[in-house]
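Student: I would like to work through this structure with you, one element at a time, and see how each conclusion is reached.

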Amino acid sequence: EKDKALKTSKSKLKRDEEIIKCRYISVAAKVIPKHEDIAKARATLNPRRKRKKHTISARKRRRTEMKGVIPQISNIPEEKLKSCVINLSSKITEISQHQLYLFYLGKSFAPTPPLPDYSLFRQDIIQFAYKLRWAWYWSCNPPKVSKDASSQSLAIKAMETKLIKSEETKPIKVTNNHCLELYIERVTKDLLQTNTSRNTTLPDNLPSESRKALEEMQKWKDIVIRPADKGSKYFFLDREDYVNRVRTHIYDKETFEKVNKLEAENKAKLEISNWCHKYANEPGITVKLSQWLIPNGSCKPGNNYVNPKAHKPEKNYPGRLISTGCASSTRNLSALTAHELTKVELDYAIKDTNHILCKID
């Protein structure tokens, strides 16, 4: 049996030498490499290190081209800066490069704000603490759901909680969770300390000349700045010219009709209240929801504004009229309509950009 084992081991070693071309060296026969050989091996590794440095610089270069990094004004061509603004104002003859640079940064850019109002800041911290305590309370005491509750009633409650939201969080007493109270205490202490100290001011993300240009533009009272209807350009318009552009749309008798303000508000409120009474017995229209839909005294009429069309210079940049219903009497009704439309699936309807891209694929 020993002879058979030796023959099999020798055959395996011979097979490895022929196929893999390797040698089995015993520990005693192994020679430690000399210092010169180690130095030569390190010298061969130098090109790899240089390649690694090259990749790091490439990463830094890519990071500078990322969206979150603010480009410097010296690296932007002058043609790109000038293409951001279309000046239709007769009162502005020259626009500085730093003023154009502010519009080149776009709508998503936010300059470093001044010091906040500490009284409002403390109120925000208190509201944050209230929300944390209420979350802990409802996790320990979940709302009781009756066993006979149907899926329809649960869906109605979920709709009410999603649509009808209170503006302020009700105060709650200190909870019995020591960890939560300790966390709130430490966070409020750190936030108040960091904001009251003078050394914690954020660095300005704008050059000093661009900050001066922003302050100068804030003093423009006779000039209206509007974004283009399509694209990322901006328009400089005289206030009189802008008002005339809006009036050409509003005074169109085929589209608009002149009414009394109070009569129009009362008419809209009456129509909405009649609609709520008409569909009061329908599933989903609860008493709480109907009271929320009926407008109160804080409602205001909608606003109209015009965005010029940059792609039609041959027609003297005509404007597109946009009417907003923010804080109007139909605000809550439109929110309910949008919520109900999310439940409807239509083959020809497009929800957003991602939806149309999925349709194309």
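**Loops, helices and their packing**

Tutor: Let us begin with Pro-114, which lies in the loop between helix 4 and helix 5; please keep in mind throughout that the model is predicted.

Student: Is Pro-114 buried or exposed?

Tutor: A residue counts as exposed when its relative accessible area is over 50%. Pro-114 has a relative accessibility of 70%, and therefore it counts as exposed.

Student: How far from Pro-114 is Asp-204, C-alpha to C-alpha?

Tutor: Along the chain, Pro-114 and Asp-204 are 90 residues apart.

Student: How many of the 9 residues of helix 4 are buried?

Tutor: The buried residues of helix 4 are His-98, Gln-99, Leu-100, Tyr-101, Leu-102, Phe-103 and Leu-105, and just after the helix Gly-106 takes a positive phi of about 90°. The elements that cover these buried residues include helix 3 (78–82), strand 1 (85–87), helix 8, strand 2 (223–227) and strand 3 (234–238). Helix 4 is largely enclosed by the rest of the structure, because the number of its 9 residues that are buried is 7.

Student: How are helix 4 and helix 8 oriented to each other?

Tutor: The axes of helix 4 (residues 97–105) and helix 8 (residues 208–218) come within 8 Å and cross at roughly 85°. The contact is made by His-98, Gln-99, Tyr-101, Leu-102 and Phe-103 on the side of helix 4, and by Glu-209, Ser-210, Ala-213, Leu-214, Glu-216 and Met-217 on the side of helix 8; these residues divide into 6 nonpolar, 3 polar and 2 charged. Since angles of 65 to 115 degrees fall in one class, helix 4 and helix 8 are therefore roughly perpendicular.

Student: How are helix 6 and helix 12 oriented to each other?

Tutor: Helix 6 (residues 151–163) and helix 12 (residues 331–341) pack at an angle of about 130°, with their axes 11 Å apart, and their crossing is right-handed. In this contact Met-159, Lys-162 and Leu-163 of helix 6 meet Ala-335, Leu-336, His-339 and Glu-340 of helix 12, a set that divides into 4 nonpolar, 1 polar and 2 charged residues. Given the angle between them, helix 6 and helix 12 are therefore oblique.

Student: What distance separates the end C-alpha atoms of helix 5?

Tutor: Helix 5 (residues 118–140) has 23 residues, and at 1.5 Å a residue these should span 33 Å. The distance between its end C-alpha atoms agrees with that expectation, being 33 Å.

Student: How far apart in space are Ala-129 and Tyr-183?

Tutor: Ala-129 has its place in helix 5, where Phe-121, Ile-125, Ala-129, Tyr-130 and Arg-133 are buried; its relative accessibility is 7%, and so it counts as buried. Ala-129 and Tyr-183 are 54 residues apart in sequence, and their C-alpha to C-alpha distance is 9.7 Å.

Student: Is Tyr-317 buried or exposed?

Tutor: Tyr-317 lies in the loop between strand 4 and strand 5, and has a positive phi of about 50° although it is not a glycine. Asn-316, found in that loop between strand 4 (303–308) and strand 5 (319–324), has a positive phi of about 60° and, at 52% relative accessibility, counts as exposed. Tyr-317 has a relative accessible area of 16%, and therefore it is buried.

Terms used: Residues numbered from 1 in each chain as written. Predicted model: local features only at pLDDT ≥ 70, side-chain atom pairs only at ≥ 80, totals over all residues. Heavy atoms only, no water. Axes fitted to C-alpha atoms, helices over the stretch in contact; angles between N-to-C directions. Helix = DSSP H or I, 4+ residues; strand = E, 2+ residues; numbered from the N terminus. Parallel < 35°, antiparallel > 145°, perpendicular 65-115°, else oblique. Left-handed = near helix turned anticlockwise from the far one by under 90°. Contact = heavy atoms within 4.5 Å. Nonpolar A, V, L, I, M, F, W, Y, C, P; charged D, E, K, R; others polar. Expected span 1.5 Å × (residues − 1). Buried < 20%, exposed > 50% of the residue type's maximum accessible area, 1.4 Å probe, protein only.
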